[in-house]
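Hello,

Here is the structure you asked to look at. Please open it first, then read my notes below.

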Amino acid sequence: LENAVYIDKEDAMAYYLLAIVGVKSNNNDLLAINLKEAIKLNPELREKALGDMEFTSVKDAAVFTEAIK
């Protein structure tokens, strides 16, 4: 996935998926940086993240709420 964002820096879904990897690996920096970038590139991903079960464990965490602003 990291190669995908190096190849196409406009691939919002690659950033979104890296944010999910951040959740799964308890890496808040990976989550925050990539979710912010995904939403910047495709604002519709904000609503997707809010409803995505992959983010359930962090929905109330500051790292998530800051990233989706």
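Tyr16, Phe55 and Phe64 form one aromatic cluster. Keep in mind that this is a predicted model.

Start with the rings. A search of the whole structure finds two aromatic pairs. Tyr16 sits in helix 2 (residues 12-24), while Phe55 is in the loop between helix 4 and helix 5, so the pair ties together parts that are 39 residues apart in sequence. The other pair is Phe55 with Phe64. Here the centres are again 5.5 Å apart, the planes are at 35°, and the pair is tilted. Tyr16 and Phe55 are buried. Phe64 is buried too.

Next, the core. Which residues touch the most other members of the largest nonpolar core? They are Tyr16, Leu31, Leu35, Ala49, Phe55 and Phe64, out of 19 residues in that core. Helix 2, helix 3, helix 4 and helix 5 each supply at least two residues. Helix 2 gives the most, with six.

Now look around Phe55. Leave aside its neighbours within four places in sequence. Phe55 is then in contact with Tyr16, Ala19, Ile20, Val23, Leu31, Leu35, Ala49 and Phe64.

Take Asn34, in helix 3 (residues 28-41). Is Asn34 buried or exposed? Its relative accessible area is 7%, so Asn34 is buried; the cut-off for buried is under 20%. Beyond its neighbours within four places in sequence, Asn34 is in contact with Tyr15, Tyr16, Leu18 and Ala19.

Then there is Asp52. You will find Asp52 in the loop between helix 4 (44-51) and helix 5 (62-67). Asp52 is buried, yet has no salt bridge. The nearest side chain of opposite charge is Lys48, 4.5 Å away. What does lie 2.9 Å from a polar atom of the Asp52 side chain? The backbone nitrogen of Glu54 does.

Best wishes

Definitions and conventions:
Residues numbered from 1 in each chain as written. Predicted model: local features only at pLDDT ≥ 70, side-chain atom pairs only at ≥ 80, totals over all residues. Heavy atoms only, no water. Helix = DSSP H or I, 4+ residues; strand = E, 2+ residues; numbered from the N terminus. Buried < 20%, exposed > 50% of the residue type's maximum accessible area, 1.4 Å probe, protein only. Lys, Arg positive; Asp, Glu negative; His and termini not counted. Salt bridge = Lys/Arg side-chain N within 4 Å of Asp/Glu carboxyl O. Polar contact = N/O pair within 3.5 Å; in protein donor to acceptor, adjacent residues only side chain to side chain. Phe/Tyr/Trp six-rings, centres within 6.5 Å; stacked < 30°, edge-to-face > 60°. Contact = heavy atoms within 4.5 Å. Core = buried A, V, L, I, M, F, W, Y, C linked by side-chain atoms within 4.5 Å.
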